[in-house]
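Subject: the model I promised you

Hi,

Here is the structure we talked about, with my notes below it. Have a look at it first, then read on.

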Amino acid sequence: MSDAAHTAMWERLDLDIEAHDALLAVLGKFYGDIYLAQEGRLKGAEYLDFVLSEVHGLRIKELQDAKAAGKKIVGTFCVFVPEELTLAAGAVQVGLCAGAKAGTELAETLVPRNTCDLIKSFIGFKLARICPYTESCDLIVGETTCDGKKKAYEAFGEHVPMHVMEVPQCKAPCDRTLFRAELVRYKEALEQLTGQTITAEALAEATKVVNAKRRALQRLAALRAAEPAPISGRDALLVNQISFYDDPVRFTAKINELCDEIEARITKGQGVAPAKTPRLLLAGCPMAVPNWKLPYLIESSGAVIVGEESCIGARNTRDCTDETPGNLDAMLDALCDRYMKIDCACFTPNTERLDNIAAMARDLKADGVIHYGLLFCQPYAHEAMKVGKAMDAAGIPYLSIETDYGMEDAGQLKTRVEAFVETLA
Amino acid sequence: MTEYAGLDIGSRSIKLVVRRGGAVASSRRLPTTFDPLGQLEKLFAHGVPERLAVTGYGRELARERYPQARALTEIKAHALGAGSLFPQAATLLDIGGQDTKAVALLPGGKVGRFEMNDRCAAGTGKFLEYTATVFGLSVADFGRLALTGNDAPLISSMCTVFAETEATTLMARGVSPANIALGLHRAVVARTMAMLGRVGLTAPLVFVGGVARNPCIVRLLADALGQEPLLPAEPDLTGALGAALWLETTAA
Ligand code: SF4
Ligand code: SF4
């Protein structure tokens, strides 16, 4: 697409062109420093580079074309929104990024200052009119997970068309009943939006598509157990980030190709970091595009990241939905089962997360775990302590970091991460 | 004889320790200023050491200028330095210009669990420096003044800016400067003790960094610990010393 065509499209979406240009410039610079400067990258990373270079270009054009053909676009912020249903209704689902500091001052007119940067970011993006995804959405789905998001959606809902799903806080039978009912309510909202009834056939088809995407991501995750690490943590994170907004069928094909290349690499004993490089598992809050600060600091401190225990990572891909049920009711039950397994810190208790982290560290042969908490995120701040105790008990070295999207603490963080890596070497 | 130079570039001062034949041959200090590279040029006016290890927050900067140098974090450097001076030490406390660090020491000066203050200057050398200027005193005189206090008010704010407000309010209420100064020092030690607790404070504790020269902090810390902390003769040099030692042992 030409620059002029891009700009014309952004104008039609009523973006603030100047502010948007500034955002793209920062994103481009960041990407160059953090991604393109990497050595020994996989050939398949060209797909990642291309998707990211066209993140506000071709993919938005595709969304506009889909809209012109009568499709609806649904935006989400949380892995609790069942993509199976969205696709079954013939709509397109995109995860809204919220990984950059933008429009913070505007956002602070709607939410308190001590709100996490992820929330401030999605509100800031909307109020500053710089996100073409947000502007393309016909519906944005929120969920009652943490208090920060729950309350923010009330204010956000005055600016965008919203549907808020209730996500329970516990996992007792009555909570499943509640979530099951919420799935039906979401299904109805989608049917109303698209004018299309969700049939068993459509849902079965959509489930296959979403599961195939998960399996490709699971395959990638498992390959990272190899030594030396065959892909950088940054690239793997990017794959997971892109999984939220690229076309699922194309994405799945491309990631399987990438995995083929990785397998070939592993057979040759090649990797992105020399053997004996300390291997780290990153656990905690989701890292949305372009929140690459901590992975970059870690991987420029002599370590390599081998897994992401996060919603942009294992929490989103660990479980597939059962494809065997033949009728709609049973399919909804299967969806309910699948989504109620998510080990989000918003649940109480959430002990399965501790087991999952220890299992990931073991399977991926991690030398240590770094917990990432976003400043002002209470659920994960609590769990950072619990994870610390669990790692102590498991004898796994552990570092807990709390930070935000700002760069002021980069020097200090680097010292902490480097000192941690020094203790592992 | 082979020389091993350890360079510690802190926020306030640059420290250099040179070891030769298994002992310290020389050491130097310079203020960091706003032009650390210019200061380094002065320091190395007669030649850059062939074997050089850099630590401190300016380590990356130095490595860009002297690519032959090897870098390590100040956490590891202080641990090695302090561990060599006091092999029996089990916990390390470093209060420098802008950071406070608490480190559980493993045998051989190895780093166990560690904690660092977050981005704000609460409880660091900067906090004392800032509050000292409220009294128009140098940090050293401020520490001496605090030692003469006997009835310290409770200073609840550890934020540098709010602590100043609290101090001025107390002054207006007629509390003596010595007692306010003592209160501010107590606040630093209380915060430090909390951080030490998080790494599982085990005695004996070795106290390093520029603030270890402050007599009032040392006394209050001893009170809180119920034991005198171990103090190197030159507590600001342990980082540079550790860097030189690291080079020596890893080169061998
Ligand atoms: S951390 Fe919890 S609330 Fe946040 S995206 Fe993940 S599942 Fe949703
Ligand atoms: S990072 Fe934490 S506070 Fe922020 S939206 Fe997610 S769960 Fe909520």
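In which loop of chain A is Lys365(A) found? Lys365(A) sits in the loop between helix 17 and strand 7 (368-374) of chain A. Phi of Lys365(A) is near 55°, a positive value in a residue other than glycine.

Some bookkeeping before the rest. This is a predicted model, with local features needing pLDDT of at least 70 and side-chain atom pairs counted only at pLDDT 80 or more, while totals for chains, interfaces and linings use all residues. Residues are numbered from 1 along each chain as its sequence is written, chains are lettered from A and ligands numbered from 1 in the order in which they are written, and side-chain values use heavy atoms, with hydrogens and water left out. Helices (H or I, at least four residues) and strands (E, at least two) are DSSP runs, numbered from the N terminus.

**Cis peptides**

There is a cis peptide bond between Thr348(A) and Pro349(A), with omega about -15°. Pro349(A) is in the loop between helix 16 (328-339) and helix 17 of chain A. Over in chain B, the bond from Ala203(B) to Pro204(B) is cis too, omega being near -5°. Pro204(B) lies in the loop between helix 7 (177-198) and strand 9 (205-208) of chain B.

**Helix pairs in chain A**

Helix 17 (residues 351-363) and helix 18 (residues 378-394) of chain A pack at an angle of about 55°, and their axes are 10 Å apart. Axes here are lines fitted to C-alpha atoms, for helices over the stretch in contact, and angles run from 0 to 180 degrees between N-to-C directions. Helix 17 and helix 18 of chain A are therefore oblique to each other (under 35 degrees is roughly parallel, over 145 roughly antiparallel, 65 to 115 roughly perpendicular and the rest oblique). Helix 17 of chain A passes helix 18 of chain A in a right-handed crossing (left-handed if the near helix is turned anticlockwise from the far one by less than a right angle, right-handed if clockwise). Arg353(A), Leu354(A), Ile357(A) and Ala358(A) of helix 17 meet residues of helix 18 of chain A including Tyr380(A), Glu383(A) and Lys386(A) (contact means heavy atoms within 4.5 Å). That contact of helix 17 with helix 18 of chain A has seven nonpolar, no polar and three charged residues (Ala, Val, Leu, Ile, Met, Phe, Trp, Tyr, Cys and Pro count as nonpolar, Asp, Glu, Lys and Arg as charged, and the others, Gly among them, as polar).

For helix 3 (residues 45-53) and helix 12 (residues 233-242) of chain A, the axes come within 11 Å and cross at roughly 50°. That makes helix 3 of chain A oblique to helix 12 of chain A. Their crossing is left-handed. Tyr47(A), Leu48(A), Val51(A) and Leu52(A) in helix 3 meet Asp235(A), Leu238(A), Val239(A) and Ile242(A) in helix 12 of chain A. By class, the contact of helix 3 with helix 12 of chain A divides into seven nonpolar, no polar and one charged.

**Sheets**

Chain A has an open sheet of four strands in the order 2-1-3-4, with parallel pairing (two strands pair if DSSP finds at least two bridges between them). Strand 2 (92-95) and strand 4 (162-165) of chain A are at the edges, each with a single partner strand, so one side of each has no neighbour in the sheet. The twist averages 25° from one strand to the next. Strand 3 (residues 139-143) and strand 4 of chain A pair over four bridges, and Ile140(A) has Met162(A) in strand 4 as its bridge partner.

In chain B, five strands form an open sheet with mixed pairing, in the order 3-2-1-4-5. Strand 3 (23-31) and strand 5 (70-71) of chain B are the edge strands, each pairing on one side only. Strand 1 (residues 3-9) and strand 2 (residues 13-20) of chain B are antiparallel over seven bridges.

**Ligands**

Around ligand 1 (residues with a heavy atom within 4 Å) are Phe77(A), Cys78(A), Val79(A), Phe80(A), Thr145(A), Lys149(A), Cys311(A), Cys344(A) and Tyr380(A). Seven of that shell are nonpolar, one polar and one charged. Ligand 2 has Cys116(A), Ile119(A), Cys146(A), Lys149(A), Cys285(A), Leu374(A) and Cys377(A) around it.

Cheers
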